[in-house]
Amino acid sequence: MTDLISALPSPLASDPAVAGHIDAIVEALRASQASLTGARPADPARKESFDAAMKRVAAVRGRGPIMPYLGTGRGNGPLVELADGSVKWDMLNGIGVHMFGHGDPRMVAAALRAGLSDLCMQGNLTSNADSVAFAEFMVQEAARSSDLAHCFVSNSGCMVNEAALKACMQKTGGAPRVIAFQDCFLGRSVTMSQIGDNAPYRQGIALSTQVDYMPFFDPQLGPRSIEMAVWHLKQYLHRYPGQHACFVMELVQGEGGFNVAPREFFMALIELCKQAKVPVWDDEVQSFGRTETMFRFEALGLGKHLDVVTVGKISQACACLFTAEMNPKPGLLSGTFTASTSAFAVGLEALRTLRDGGFYGADGRNAKLHAAFRAHVARLVERHPEWFPPVRDAFGRESRTFVGGTGGMCRMTPFGGDKDRVMKFLNVLFEEGVMALYCGHGPYHVRMLPPIGVMQPEQWEPVFDIVERAMARSAG
Ligand SMILES: Cc1ncc(COP(=O)(O)O)c(C=O)c1O
C-alpha cells in the first residue's frame, strides 16, 4: 500500500526552491556542529551565567533537575553541548527519545519541512496525511506478526497507556482490577502512578485502582521462577474472578532495571489470562525500536497473543495499538492533540530508518551496539574487580552478573548495585562528560539508552574511557 504522504503530497513538498533553502540551512547546521567531536569540560568563564540560569530553572519548576542539564540547542549525534560550554556523550537521550542523538541533519530537515505545514499541532479532528501515515506504519509493522489492527495516537506514553487501560476496562465491562509486574513503570497520570510499582511516585495519590502485583522473571531461579509466577497468577484469578481488566506487561522492564525474560515465562502467564478472558497489554513505550526486533513481542513470538500494545519515545509520537476485537466504542478515545507535525515528520523518518536501516536481527546494528557495550563492561570488570563486588538482590542473594539488558537498553552494575554509590558515580560521570541514569529498585544499575541511530560500536571507547575515570574518582 502506498503511504498516504505519497498519495497526498503536500503542495510545498515538491517545490525545488523550498528544498534548496532547506539544504542550505542543513549545511549551516553541519558547519556549526562540526567542532563537536568529543567530550569537553565546562568553560570556567561561563560558570556564573550557567549557575544563574540553573537557579532560574529551579525557580520556575519549583525544584532543581536531577542533573544540571541546560542545552545550547547544538549537538552532533551522541554529543550535546550544554550552556556551561561543556560537551557530553549523551547516553540517556531524554530517556531514550532521541534515536539520532542531537542535531541529526536528516531529522532537522524533516522538522524544517514540517515547519511549513499549515499546522503546528495535529489533532483528532484535524489530521494531515503525515499523522495517518504514522498510524498506518505502526499497524503495518505490528500486523506482520500479530492481530493488531488499529492505532490511536497521542503525545505521551502515559496517555496511550491510559487509552490502553480504558479499552481493556470497556472490553471487560468495567472490571476494576489490574495485574502488573513488580517494579513496573507506566507513566505519571493519577492511574498510571498507582499501577507503577514505586511508592514515592504515588505518595499522596488517593488509591482508586486495585493492582495485583506479580513477580517478574528471576534468572537465578530459572524454570522455578515460572512456576512461582503461575502460582501467583492463579491465586489472583481465583480470588477475584471476572474482576481483572488486563494484565499489563513490559516485555523488557525499563525503570524496573532492564530486566528480560524468556518466551516461556510470558506464555505461561498469557495462557492463564486467555483462559480467564483477561486482556493482555504489552507496554513497549521504553523498549520499542531498541531491541533486536522493532517490537519486542516479535522476538518472543508473542504477537498473536496480545490484545493491546503501547509504544512511544523513539517514535516521537506515541501509539496505542489494538486488535479489532478490542476496538472501543465511539467516545472512549480522543483528545485535542495527537502530536505535532514535526513529531510525525521526524517520527516517520526515524521509523523508516529503523525498518530499512539494518537495525534488527542477531547481526543487526542494535545487537552489535549491545555486544560492544558488554565487551567494554567485561574489560572494565577484568581491569578493576574492586569496583565490581557481587551484586546483592532484594533477597540478599549475591550474583556476579554485572551487565544486562538487550539491544539499545544497556545496563551495568558496579558497586554491588548499592544506591548511594551508584548515584555518586552517576554525578561524577556527568561532570566527566557522560550522561547516564540509574534503573532498578535494588540492586541499582547504571542505565544507558544510547542513540541507536547514530552511535557506532567504536564510540563506546571514548565513553568507557570516561566511565573508567569517573569510577576511579567516585570509588576513591
Ligand atoms: C514502560 C513505560 N511506559 C510508559 C512510560 C510513560 O511515557 P511518557 O513519559 O512518555 O508519558 C514510560 C516512560 O518512561 C515507560 O518507560
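**Figure 1. Residues around the ligand in the predicted model.** The shell around the ligand holds 15 residues, a residue being near a molecule if its C-beta atom, placed from the backbone, lies within 6 Å of it. Gly157, Cys158, Gly187, Val285 and Gln286 are the closest. Helix α7, residues 157–171, supplies the largest share of this shell, three residues; helices (H or I, at least four residues) and strands (E, at least two) are DSSP runs, numbered from the N terminus. The shell divides into five nonpolar, seven polar and three charged residues. In this scheme Ala, Val, Leu, Ile, Met, Phe, Trp, Tyr, Cys and Pro count as nonpolar, Asp, Glu, Lys and Arg as charged, and the others, Gly among them, as polar. Residues are numbered from 1 along each chain as its sequence is written. The model is predicted: local features need pLDDT of at least 70, side-chain atom pairs count only at pLDDT 80 or more, and totals for chains, interfaces and linings use all residues.

**Figure 2. The largest nonpolar core and the surroundings of Val308.** This core has 133 residues; a nonpolar core is a set of buried Ala, Val, Leu, Ile, Met, Phe, Trp, Tyr and Cys residues joined through C-beta atoms within 7 Å. A residue is buried if 20 or more other C-beta atoms lie within 10 Å of its own, exposed if 12 or fewer, and partly exposed in between, with C-beta atoms placed from the backbone. Cys246, Val308, Ala319 and Leu321 touch the most other members of the core. Apart from neighbours within four places in sequence, the contacts of Val308 (C-beta atoms, placed from the backbone, within 7 Å) include Ala164, Ala167 and Cys168. Pro279, Trp281, Cys320, Leu321, Phe322 and Met326 are also in contact with Val308.

Figure 3. The domain assignment, automatic or from a database, gives domain 1 (4–115), domain 2 (121–356) and domain 3 (365–475). The centres of domain 1 and domain 2, taken over C-alpha atoms, are 30 Å apart. Domain 1 contributes 14 residues to the contact and domain 2 contributes 16 residues. On the side of domain 1 that touches domain 2, α1 (4–7) and α5 (105–115) each supply at least two residues. The most come from α5, with seven residues. This side of domain 1 comprises ten nonpolar, two polar and two charged residues.

**Figure 4. The protein chain as context for the close-ups.** The chain has 15 helices and 19 strands. Of its 476 residues, 47% count as buried. Its C-alpha atoms fill a box of roughly 65 × 65 × 45 Å, taken along the principal axes.

Technical notes
Contact = placed C-beta atoms within 7 Å.
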